[in-house]
Amino acid sequence: MKKLCSFVAVAMVALLLGSCCDNGPKRVKGVKHVVMIGFDGLAGNTVEAVQMPTLKSLMEQGAWTLQARSILPSSSACNWASMYMGVGPEMHGYNTWGSRKPDFPSIALGPNGIFPTFITVLREKYPQMNICSFYEWEVQGDLIDNKAVTYHKHIPMGENRSRESTDGFITYLKEQKPEFAMFIYDSPDSEGHKYGWGSEQYMNRLTELDAYLNEIIEATKAAGTYDSTIFMVVSDHGGIGRGHGSTSMDEMEAPLVFFGPGIKKGYKIDVPVMRYDTAPTIAYIFGAEVPDVWRGRVIKEIFE
C-alpha cells in the first residue's frame, strides 16, 4: 500500500510540474518552415476557369477555400493589414486602398510601434527565427512590422519585376532556409485594373504566376526543406470590371490554400473564413500565443 501511495504521489508531482513547465501551445508536428505566397487581386471566382496546375495541385492535396472573405472596403492595404494583424480596420486603423500608416489611431501597438502582426508574434516567440519578406508593392513594407523581420526586400514595379523578385526569393530560400518566408506579388491586381478581372490578359498572368509558384516549391526541394514546409497561397480581394472596393462577392471573395505536413488532404474548408483568420492560423502553426487584441480565429479544421 505504501508503495502504491508513493507511486501516486510521484505521479501527481510529475503532472503538476508538467503543467507548470508548459510553455504554451505546441507547434504543428513536422513543420519547421512556412512559405506564404500572395497574389494581389486573385479572385476566387476565376480559379476554376484558369490554367493554374500548381495551385490546383496544392488544393487537391491540401485544404482550401475560394471564398475567404475580405474586410470592408475590399481594397488592398486594409485587407493585407487585416491578414497580417488578425483584426479589421476598426481596430488596426488602415482603412484606405494605399494606407501606409493608420488613418486613425490603432487600438493597440506592439513593441515596434505598429499594431501587432503575426511577424511581431513570431519574433517575440522565437528571437532567432529567420523571417523574410519579399514584395512588389512598396506599401507592403509598412504593414508587416518590418523591424521584426530578418530580411525584407522591395522589388520596384517595372518590366520583368516578377522574374527578378522570384529569382531573389528563390535564392534566399535555398541559401538561408528561413523558418518563415513570404512573397507578395502585385499581380494579378495590376492586370485587373488595366484590362479587367477575368480578361484574357488577367487569366494569362495567372498562368504565369502559377509557373513562379511551381519554381518556389521546387526551390524548397532543392534546399531540403520541402517535407517540413507548409505552403500557403493567399489573396487580399477579387474584383469586378476594372476595379474593387465594394460589397459584391466577386470583389470580397478570394482563395486561401494550405498544403504540407499536418494539413488535411483534398479538404474543402467548409467553415466561414475571414481575411483576419490568417494571422492566428500562422501563429498556431508555430505554437505562438495569439494576442488578446486579435479577433481572428485559428482555422483548426484544416489540420489532421
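Lys177 counts as partly exposed, at 36% relative accessibility, where partly exposed lies between buried (under 20% relative accessible area) and exposed (over 50%), computed with a 1.4 Å probe on protein chains only. The model is predicted: local features need pLDDT of at least 70, side-chain atom pairs count only at pLDDT 80 or more, and totals for chains, interfaces and linings use all residues. Residues are numbered from 1 along each chain as its sequence is written, and side-chain values use heavy atoms, leaving out hydrogens and water.

**Positive phi values**
- Lys177 is not a glycine, yet its phi is positive, at about 50 degrees.
- Lys177 lies in the loop between helix H6 (161-176) and strand E5; helices (H or I, at least four residues) and strands (E, at least two) are DSSP runs numbered from the N terminus.
- Asp145, also a residue other than glycine, has a positive phi near 65 degrees.
- The loop between strands E3 (131-135) and E4 (151-154) holds Asp145, which is buried at 3% relative accessible area.

**Cis peptide bonds**
- Leu72 and Pro73 are joined by a cis peptide bond with omega of about 5 degrees, and Pro73 lies in the loop between E2 and H3.
- The bond from Ser187 to Pro188 is cis, with omega near 5 degrees; Pro188 belongs to strand E5 (residues 180-188).

- Ser75 is found in the loop between strand E2 (63-69) and helix H3 (76-85).
- Ser75 is buried, with a relative accessible area of 7%.
- Beyond its neighbours within four places in sequence, Ser75 is in contact (heavy atoms within 4.5 Å) with Thr96, Trp97, His237, His244 and Gly245.
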